[in-house]
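Please consult the sequence and the structure shown here while reading.

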Amino acid sequence: MNADVIESLAEHARAERLVILAGAGVSMGAPSSLPGWNDLNSMILSAVAGRVRSYFCGRPELDQLLQSLIDRRDQHGTFAPDYQAQIMEEQCGVAYFRALQALDVEERNAGHDAIAALAAAGLVAAIVTTNFDRLLERALEAKGVSIRVYATTDEYRKLSASLADGASAELPVIKIHGSVHDAASMVDTLKQRLRGRGPALHAALAKLLRQHYWLYLGFSAADLEYDPEYLGLRAAAEASPGFAFLHLPDRLPGKGALALQSAYGEKGTFLGGSLAQLFEALLPALDIAVPASPTTDTDTRALVTAGVEAWAFELHPMHAISMLSALLEAAGQEQAALWVLHRTWRSYRMPADTDGEAYARYLFNYGRLALLQGETAYEETPQNFIRSRDHVAEADLWAAQFLVYVGMIEEAMGTLYGAFESGFDDRPAAYVIDRALIFARVADLYGHSKLALESLPYAYQRSEADGDEPRRGRVLAMIALHLARTGEVAAGAHYAEMGHAIAQRLGDDVLRAELDVARAVGHYMTNELDDAWMLLEGARQLLDAQRRVPLLAAATLEQAKVGYELERYDDVSALFSAAFKLTRSLPVYNPHLHWLLGRMETLSGNFAAAREAIDAGLEAASKYRNPWMLQRLNAAAAELADAVRL
């Protein structure tokens, strides 16, 4: 441990007192031995799988699917625990956070006691912690330090007022991600992290950053990689006295920590070493005795595991099923996600399983995934939207999308026209965004790109404000597509690039494919046909792997159009064969398919085949109330007549 850095840290402690930011690493040391982020995430995944095991009758696929989720997280780095937490919370609400209350253990460690010793000596202005557990509070109370805990928005407002009034007799313990004592206060999802904790907390932290030297302990700074403005830490660099950042000696600081140091320059210092090494050097420099390491016979890990398993046992089984399926979907295993729901449907379900919001959520997910994979002929697909509509607001939207795909457009549009409501819509963000996305998909089928571009900006605002990255990415994909359709290719490419950054962070192959289709349309509009072909080829492979049938059908037709321009006739023939199979369950695509086929047969001189295709298209366009395609088909018929006369 560098003696000069330790002496400088001691001087700052005496001169202006320290603010200690304590991360998960502080509570991971023995004997508290609390699990890290990934470790706790694995416990939760295992407990969720255990809750639904009886529905799978001992089949090995369940354990294989669970391991696949962990492997994707650990090997690809695109399925972080906070993203998984968001997915699970969306399925069961605040009940998810009760799993984290398993961290409420008693056994603190020497790191907690050393921080308490610094506070007892009057050298700490505040403690800021990302940890849910209460071990720091217990250590401070054992040392006789008077504290006040701040963990909710209302409490942060009181903190700001307290700091404005001057010094307090109580040491602030600021729990920026909430506390185990209140499940509703806890922040663990990506969406929550991106939304932030509000201006009151930021104002309080800004004051502490200006007035005090900060010591970062057991903190990875990974949040700064996703959100450079996390907690206002970087923004305070110019006014702050500076910081010291402890990292393990065998692990270099991460990108977030390096970004922090870059902002602070010489005022930011890295220290390589363990917590024990730091306190063994710092406390004597401040004439404070180094606390002895506590000992205990308690197996804390076993306690946490038991607590997580008890939480899972209390979960409604349909919530657990929905969690598992949603996790698989987000991890790029959409066929496995639907298999889980199919398997549950075929298994024995107790009467208590088939009632209430949890069962409705399961039914909605079942219908939604079946629709996305083209199972429109499966009678349960529309029925599940009807059965779930009393508890799941989005069910009506997805029922409307089902009606569109099977050609019942008039029955669907009453639900979807609300996409134009903006500014005063107080419905949940997920509902508002999904409505705009579904309308935009319909608009692409019916030639209404300008209408789609009127409704999508509000959906984007809602997704950004809600911190909903998956939906924000899909809104960007639809904006990019419709801008390309209207000839605004450069603007569309810009939005596609923004969306690709999200797809990369989330590891979302379906989103990547949607964005590549939008980019390909732009290349087609500017006659960059080879680039369009390559993008569509890759997009179709991704969509086929996930069996995203409606999106795959649209991409296949786009590629057939590009392929014909490139005179890749054998490829075009194969694409048409694929398109005919894909659109059997999606008749709304038939006018598009026959229009394209009719034009190509006309240009190839196959006039009888062209007339047959155009007539079939005209019949379909009339049946499915598509005036835009009727106009295009009539124009194709006129082209055919001219070609025959020549």
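## Overall build

In this predicted model, 57% of the 646 residues of the protein chain count as buried. The chain contains 31 helices and 7 strands, and its C-alpha trace spans about 100 × 55 × 45 Å along the principal axes.

## Helix α4

Helix α4 covers residues 61-76. Its 16 residues, at 1.5 Å a residue, should span 22 Å, and the end C-alpha atoms lie 21 Å apart, which agrees. After α4 comes Gly77, which has a positive phi near 65°.

The buried residues of α4 are Leu62, Leu65, Leu66, Ser68, Leu69, Ile70, Arg72 and Arg73. They pack against α3 (37-52), α5 (81-92), α15 (317-330) and α16 (334-346). An α-helix has 3.6 residues a turn, so residues three or four places apart point the same way.

## The pair α24 and α25

Two packed helices are described by the angle between their axes and the distance between the axes. For α24 (residues 489-506) and α25 (residues 509-525), the angle is about 160° and the axes are 9 Å apart. An angle over 145 degrees counts as roughly antiparallel, and α24 and α25 are therefore roughly antiparallel to each other. Their crossing is left-handed.

On the α24 side, the contact includes Val489, Ala496 and Ile502; on the α25 side, it includes Leu511, Asp516 and Met525. The residues of this contact comprise 7 nonpolar, 4 polar and 3 charged.

Definitions and conventions. Residues are numbered from 1 along each chain as its sequence is written. This is a predicted model: local features need pLDDT of at least 70, side-chain atom pairs count only at pLDDT 80 or more; totals for chains, interfaces and linings use all residues. Side-chain values use heavy atoms; hydrogens and water are left out. Axes are lines fitted to C-alpha atoms, for helices over the stretch in contact, and angles run from 0 to 180 degrees between N-to-C directions. Helices (H or I, at least four residues) and strands (E, at least two) are DSSP runs, numbered from the N terminus. Angles under 35 degrees count as roughly parallel, over 145 as roughly antiparallel, 65 to 115 as roughly perpendicular and the rest as oblique. A crossing is left-handed if the near helix is turned anticlockwise from the far one by less than a right angle, and right-handed if clockwise. Contact means heavy atoms within 4.5 Å. Ala, Val, Leu, Ile, Met, Phe, Trp, Tyr, Cys and Pro count as nonpolar, Asp, Glu, Lys and Arg as charged, and the others, Gly among them, as polar. The expected span of a helix is 1.5 Å times one less than its number of residues. Buried means under 20% relative accessible area, exposed over 50%, partly exposed in between (1.4 Å probe, protein chains only).
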